[in-house]
Amino acid sequence: KFNDDVFAAYLQGSRQYGKWGIQAGLRAESSYYKGALTDRDSSFTIVYPVSLFPSVFVTRKINESDQIQLAYTRRVNRPNFFQTMPFTDFSDSLNLRRGNPALLPEFTNSVELSYQKVFSKGHNLLVSVYYKQATDLIASYQFTEYNAELNKEVIITSFANSNKAAAYGAEITLKDNFFKWLDLTTNVNLYQSDVDATNVESSLKVSRLSGFLKETVQVKLPAGFAFQV
């Protein structure tokens, strides 16, 4: 059983100056986590101190159909129950899992520059370039150990915080509407990611170029129904 309490407060404001718009916010957050196995005395507690998360969005309206935006945000990804539970999960004998109660939250600072073009008849285009820098990135890793209950060497999947990580890339989203009943949404994302996890294992670094394409087709049907692929 576990209790996960998150305490937060935030304020946000926005202002328009002609063709310029600005929105800024600040969020304060802390959390308290306590877990235990019910059949033994094995409780553990994790307390995350107060952290601040600012965000700023500056928008410039070029004309009625074009605008650009520069955004900065700081976000947190707290470890979940299974990532922090320090007990071995034997539900899959070929994939034993064990959490790490010493995991720290993962903080990400992001900067994004985007351009939006609204065409006529329900067509619009969004192009953005971004850079994301993470500290204490939460990553899964595997190691071997001897397990007395199974009486053999086993592979354990657990979690750790890496030294640092960064990703940068570009994303294009194109949305089209045809015949008032057909919507097509195309999303393409290409990015470079670099992870330094030498604190987990010496010389463990990953540098990789990745990308993905997502195409969504939605057909509007009679009586308010829709079909999507």
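The following legends describe close-up views of a predicted model.

Residues are numbered from 1 along each chain as its sequence is written, and side-chain values use heavy atoms, with hydrogens and water left out. Because the model is predicted, local features need pLDDT of at least 70 and side-chain atom pairs count only at pLDDT 80 or more, whereas totals for chains, interfaces and linings use all residues.

**View 1. An open sheet of 4 strands with mixed pairing.**
The strands follow the order E5-E6-E10-E9. Strands here are DSSP runs (E, at least two residues), numbered from the N terminus, while helices are runs of H or I with at least four residues. Two strands pair if DSSP finds at least two bridges between them. The edge strands, each pairing on one side only, are E5 (88-89) and E9 (138-147). E5 pairs with E6 (residues 96-98) in the antiparallel sense over 2 bridges. Within this pairing, Thr 88 has Arg 98 of E6 as its bridge partner.

**View 2. The salt bridge between Glu 145 and Arg 98.**
The closest N and O atoms of Glu 145 and Arg 98 are 2.5 Å apart. The pair links distant parts of the chain, with Glu 145 in strand E9 and Arg 98 in strand E6, 47 residues apart. A salt bridge is defined as a side-chain nitrogen of Lys or Arg within 4 Å of a carboxyl oxygen of Asp or Glu. Glu 145 counts as partly exposed because its relative accessible area is 22%. For this classification, buried means under 20% relative accessible area, exposed over 50%, and partly exposed in between (1.4 Å probe, protein chains only). Arg 98 is also the bridge partner of Thr 88. In total, the structure holds 5 salt bridges.

**View 3. Strand E4 and its pairing with E3 and E7.**
Strand E3 (residues 44-61) is joined to strand E4 (residues 66-77) by 7 bridges, and the two run antiparallel. A hairpin connects E3 to E4 through 4 residues. Ser 55 has Thr 73 of E4 as its bridge partner. E4 is also joined to strand E7 (residues 106-118) by 12 bridges, again in an antiparallel arrangement. In that pairing, Tyr 115 of E7 is the bridge partner of Ile 68. Strands of a sheet pair through backbone hydrogen bonds, either parallel or antiparallel.

Asp 66 forms a salt bridge with Lys 117, the closest N and O atoms being 3.1 Å apart. Asp 66 lies in strand E4 and Lys 117 in strand E7, so the pair ties together parts that are 51 residues apart in sequence. The two side chains are also joined by a polar contact of 3.1 Å. A polar contact is a pair of N or O atoms within 3.5 Å; within protein, one must be able to donate a hydrogen and the other to accept it, and residues adjacent in sequence count only if both atoms are side-chain atoms. Asp 66 is classed as buried because its relative accessible area is 9%. Not counting residues up to four places away in sequence, Asp 66 touches Lys 61, Tyr 115, Gln 116 and Lys 117, where contact means heavy atoms within 4.5 Å.

**View 4. Thr 59 in strand E3.**
Thr 59 counts as buried because its relative accessibility is 16%. Its side chain makes a polar contact with the side chain of Gln 69, at 3.1 Å. With neighbours within four places in sequence left aside, Thr 59 is in contact with Lys 19, Trp 20, Gly 21, Gln 67, Ile 68 and Gln 69.

**View 5. A salt-bridge network of Arg 27, Glu 29 and Arg 78.**
Glu 29 forms a salt bridge with Arg 27, and the closest N and O atoms are 2.9 Å apart. Glu 29 counts as buried at 8% relative accessibility, whereas Arg 27 counts as partly exposed at 32%. Side chains of opposite charge can pair when their charged atoms come close.

**View 6. Ser 14 in strand E1.**
Ser 14 counts as exposed because its relative accessibility is 59%. Ser 14 and Phe 57 are 43 residues apart in sequence and 9.1 Å apart in space, C-alpha to C-alpha. Leaving aside neighbours within four places in sequence, Ser 14 is in contact with Ile 22 and Gln 23.
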